[in-house]
Amino acid sequence: MQTGQKSRMVLPDLKDRVALITGAGSGIGRAAAVLLAQQGMKVCLVDLKDDRLEQTKQEIETAGGQAITVDIDISDPKQVEQAFEHTAHTWGRIHFVFANAGINGVLAPIEDMKSEDWDRTLAVNLKGTFLCVKHAIPHMKENGGSIVITSSINGSRTFSGFGMTAYSSSKAGQVAFAKMAALELAQYQIRVNAICPGSIKTHIGENTQPTPELEKIKIPIKYPEGNQPLEHAPGEPEQVANLVAFLASDASHHITGTELFIDGAESLLR
Ligand code: NAD
C-alpha cells in the first residue's frame, strides 16, 4: 500500500471550525493545515516570516479552503498574543490549536553546550508552547476546544539522540505541561494532548545545528540495525496530520492529558 493511500481516511466533519497552527509553513504543521482545511476548517497559519508560509496558504486556497497567515516568532509573548487576537477577530472564535512549531537547535555535548543555545531551544519549543496555550485560553474557555502539542519520542521514550539534551528536555517538558494543562483546563472543556512522532520526513534538518564536539559523545552499546519496524522508513507528515485531525475533532472528545506515539514502533527499540 502506498503512503498516500494510508494517509486517506474518513474524517469527522470539522467544517467551519477555526484552527490556529504553528509551524504551518513546513513539515507536520503544513500537512496538518492542508488536511484540516480540506475538512472545512478555517486555518490561521503561524510561522516565521518565510515564503513557505505563503505557499501553504496558496495551496489551501487553490483547493477552495480558507486561510490567513501570521508571521511571528512563537517565543515572543506579545506576538503570540496578537496572533490569537487576529485569528479570533477574523473568525469570531478558536476551536483548535496545534502548538507544533519547533527546532532541533544546536546539538552539542553538555559540557560544550552554550547556555544561549540551550535557552534558544527551550524558548522556541517549551516557552513557545506555553505561550500558545496561555493565549489560546481567553478565546476557548467559553465554548471549549482542543489543543494538540507536538512533542517527540525524544525525551519520553528515546534518550539516544546525541547532543540533544536541550531538545529532549524541551520535548519532555511539553508532555508534563500538556498533562497539567489538561487538568487545569478541563473545567473549560478544553482538551490538551501531546503527540510524539518518531522520525518524520520534514525540513527540520534546516533548524538542526550539529557541532564538531558531538564526536566526543560515545555510548558503549550497539543499537539494533534499522529503526522503523513497521514501515522500514521515516513517517510522512500526512500520517501525523491524520492523528492531529482526529484529536481536533469531536471523535476524540474523551481523550485529554495523554501523549500519543506515532512512530511505527521506532521508540520501542531503544
Ligand atoms: P519543519 O522544520 O519542517 O517545520 C517546523 C516549522 O516551525 C518551520 O516552518 C519553522 O519555520 C517553524 N518555526 C521554527 N521556529 C519557529 C519560531 N520561533 N516561531 C515560529 N515558527 C517557527 O519541522 P517538523 O519536523 O515539521 O517539526 C514540527 C514539530 O515536530 C517540531 O516541534 C518538532 O520538534 C516535532 N518533531 C519532528 C520530528 C521529525 O522527525 N521531523 C520528530 C518528532 C517531533
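The model is predicted: local features need pLDDT of at least 70, side-chain atom pairs count only at pLDDT 80 or more, and totals for chains, interfaces and linings use all residues. Residues are numbered from 1 along each chain as its sequence is written, and side-chain values use heavy atoms, with hydrogens and water left out.

Start with the strands. Helices (H or I, at least four residues) and strands (E, at least two) are DSSP runs, numbered from the N terminus. Two strands pair if DSSP finds at least two bridges between them. Strand 1 covers residues 18-22, and three bridges join it to strand 4 in parallel. Within that pairing, Ile21 has Phe98 of strand 4 as its bridge partner. Strand 4 also pairs with strand 6, again in the parallel sense, over four bridges.

Follow the order onward. Strand 6 (residues 145-150) runs parallel to strand 7, and six bridges join them. Ile147 stands opposite Val192 of strand 7. Between these two strands the chain passes through helix 6, and this β-α-β crossover is right-handed. The term means that, with the strands pointing away from the viewer, the path from the first strand over the helix to the second runs clockwise. Strand 7 then pairs with strand 9 (residues 259-262), which runs parallel to it over four bridges. Pro197 has Ile262 of strand 9 as its bridge partner.

How enclosed are these strands? A residue is buried under 20% relative accessible area, exposed over 50%, and partly exposed in between (1.4 Å probe, protein chains only). Why is strand 7 (residues 190-197) largely enclosed by the rest of the structure? Eight of its eight residues are buried, so the rest of the structure largely encloses it. Both of its faces are covered. Ile190, Val192, Ala194 and Cys196 are buried on one side, and Arg191, Asn193, Ile195 and Pro197 on the other.

Now look at the loops. Ile94 sits in the loop between helix 4 (77-91) and strand 4. Its relative accessible area is 1%, so Ile94 is buried. Ile94 and Ser146 are 52 residues apart along the chain, yet their C-alpha atoms are separated by 9.4 Å.

Asp76 belongs to the loop between strand 3 (66-71) and helix 4. Asp76 is partly exposed, because its relative accessible area is 27%. Its side chain reaches the backbone nitrogen of Lys78 at 3.0 Å. This is a polar contact: a pair of N or O atoms within 3.5 Å; within protein, one must be able to donate a hydrogen and the other to accept it, and residues adjacent in sequence count only if both atoms are side-chain atoms. Asp76 also lies 7.6 Å from Gly128, C-alpha to C-alpha, although 52 residues separate them in sequence.

Two loop residues have a positive phi without being glycine. Asp16, with phi near 70°, is in the loop between helix 1 (3-7) and strand 1. At 44% relative accessibility, Asp16 counts as partly exposed. Gln189, with phi near 60°, lies in the loop between helix 6 and strand 7. Gln189 counts as exposed, because its relative accessibility is 60%.

Finally, turn to the ligand. How many residues surround it? The shell holds 27 residues, and the closest are Ser26, Asp47, Asn100, Tyr167 and Thr202. The shell divides into 11 nonpolar, 12 polar and four charged residues. Nonpolar covers Ala, Val, Leu, Ile, Met, Phe, Trp, Tyr, Cys and Pro; charged covers Asp, Glu, Lys and Arg; the others, Gly among them, are polar.

An N or O atom in the side chain of Tyr167 is 2.7 Å from a ligand oxygen. A polar backbone atom of Ile204 is 3.4 Å from an oxygen atom of the ligand. A ligand nitrogen lies 3.5 Å from a backbone N or O atom of Leu48. Taken alone, the ligand exposes 830 Å², and the protein buries 96% of that. Such areas come from the Shrake-Rupley method with a 1.4 Å probe; for residues, only the protein chains shown count as cover. Helix 2 (27-38), helix 5 (115-140) and helix 6 (165-185) are the elements that give two or more residues to the shell.

Definitions and conventions
A residue is near a molecule or strand if one of its heavy atoms lies within 4 Å of it.
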